[in-house]
Amino acid sequence: MIETERLFIRKFIKNDWADLYEYLSLKEIYVFEPGEPVSRDEAKRLADERSKGDDFLAVVLKERNKMIGHLYFHHEDPKEYMTWELGYIFNPVYQRKGYCTEACKHIIDYAFKQLNAHRIVSYCNPKNIASWRVLEKTGMKREGYFREKAFFRRDENGNPLWHDCLAYGLLSYK
Ligand SMILES: CC(C)(COP(=O)(O)OP(=O)(O)OC[C@H]1O[C@@H](n2cnc3c(N)ncnc32)[C@H](O)[C@@H]1OP(=O)(O)O)[C@@H](O)C(=O)NCCC(=O)NCCS
C-alpha cells in the first residue's frame with residue numbers, strides 16, 4: 001500500500017469490480033487503448049484476476065474510499081534488467097485533477113527506492129495528449145517516436161488502423 005496526498009495505491013480486491021465497471025464500460029476509455037467496453041461479468045472477472053496478480057494496482061481516492069483508476073505496472077523480462085512498464089486508465093469523472101500524475105510519481109518513486117528499479121518505461125499514442133502530459137509531468141524523458149508501430153482495430157474493410165507510438169523512459173539516476 002502506498003499513501004499519497006490524496007490517494008491510496010494498493011492491490012486490487014474482488015470488490016473493486018463495480019468501480020472498475022464504472023469506467024471500463026465506457027467507450028471513450030478505449031480511444032487510445034486496445035479492447036472494448038466490458039460487461040458487469042467481465043468487470044467481475046477482471047477484478048478477481050487482478051487481485052491475484054501483480055501487474056495492476058488500484059488507485060483509491062482517500063476522501064471517498066473509491067477506486068478511481070488503475071495503474072499497469074509490469075516487471076518486464078528479463079527480470080534482471082529491473083525494468084518496469086507503466087500504464088494507466090482513470091475514470092473520466094476523476095480525470096484532469098492531477099490524480100494520474102500523483103499516482104505515477106509515487107509508483108515511480110516506490111520502484112526506484114523500494115524495488116531497486118533501474119529503468120521505467122511507458123508508451124503512448126502521440127495523439128493521446130493527456131497521457132504524454134502525465135509522463136512528462138513525472139519527469140519521464142521522451143526517448144523515441146515509432147511510426148505506425150501497432151494497431152488495435154481494423155476499418156470496415158479489414159485494414160489495420162495503424163498508430164504511431166511515443167516511447168518514454170526514466171533511469172534511477174536521471
Ligand atoms: C491518460 C489519463 C489516465 C490521464 O489521467 P488524468 O487523471 O486526467 O491525468 P492528470 O490530471 O494527472 O494529467 C492530465 C494532463 O493532461 C492534460 N490534458 C488532458 N486532456 C487533454 C487534452 N485533450 N488536451 C491537452 N491537454 C490535456 C491535463 O490538462 C493535464 O495536464 P496539466 O496538469 O499540465 O494541465 C486519462 O486521460 C485516461 O484514463 N485516458 C483514457 C485511457 C488512456 O488513454 N490511457 C493511457 C493509454 S497510453
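Let's start with one pair. Asp16 makes a salt bridge with Arg10, and their closest N and O atoms are 2.9 Å apart. Is Asp16 buried or exposed? Asp16 is buried, because its relative accessible area is 3% and buried means under 20%.

A quick caution before we go on. This is a predicted model.

Next pair. Asp19 forms a salt bridge with Lys66. Here the closest N and O atoms are 2.8 Å apart. Where do the two partners sit? Asp19 is in helix 1, residues 17-24, while Lys66 is in strand 4, residues 66-75. So this pair ties together parts that are 47 residues apart in sequence. Look at the cover on each partner. Asp19 has a relative accessible area of 17%, so it is buried. Lys66 has 11%, so Lys66 is buried as well.

Third pair. Glu143 forms a salt bridge with Arg119, with 2.9 Å between the closest N and O atoms. Glu143 belongs to strand 7, residues 141-154, and Arg119 to strand 6, so the pair links parts 24 residues apart in sequence. Now check accessibility. Glu143 is at 44%, which means it counts as partly exposed. Arg119 is at 24%, and that residue counts as partly exposed too.

Back to Asp19 for a moment. Salt bridges with shared partners join Asp19, Glu22 and Lys66 into one network. How many salt bridges does a search of the whole structure find? The search finds 13.

Let's go down to single atoms. For Thr101, the distance is 2.5 Å. For Asn128, it is 2.9 Å. For Gln95, it is 3.2 Å. How much of the ligand does the protein bury? Taken alone, the ligand exposes 950 Å², and the protein buries 77% of that.

That's my tour. Questions, please.

How values were computed. Residues are numbered from 1 along each chain as its sequence is written. This is a predicted model: local features need pLDDT of at least 70, side-chain atom pairs count only at pLDDT 80 or more; totals for chains, interfaces and linings use all residues. Side-chain values use heavy atoms; hydrogens and water are left out. A polar contact is a pair of N or O atoms within 3.5 Å; within protein, one must be able to donate a hydrogen and the other to accept it, and residues adjacent in sequence count only if both atoms are side-chain atoms. Accessible areas come from the Shrake-Rupley method with a 1.4 Å probe; for residues, only the protein chains shown count as cover. A salt bridge is a side-chain nitrogen of Lys or Arg within 4 Å of a carboxyl oxygen of Asp or Glu. Buried means under 20% relative accessible area, exposed over 50%, partly exposed in between (1.4 Å probe, protein chains only). Helices (H or I, at least four residues) and strands (E, at least two) are DSSP runs, numbered from the N terminus.
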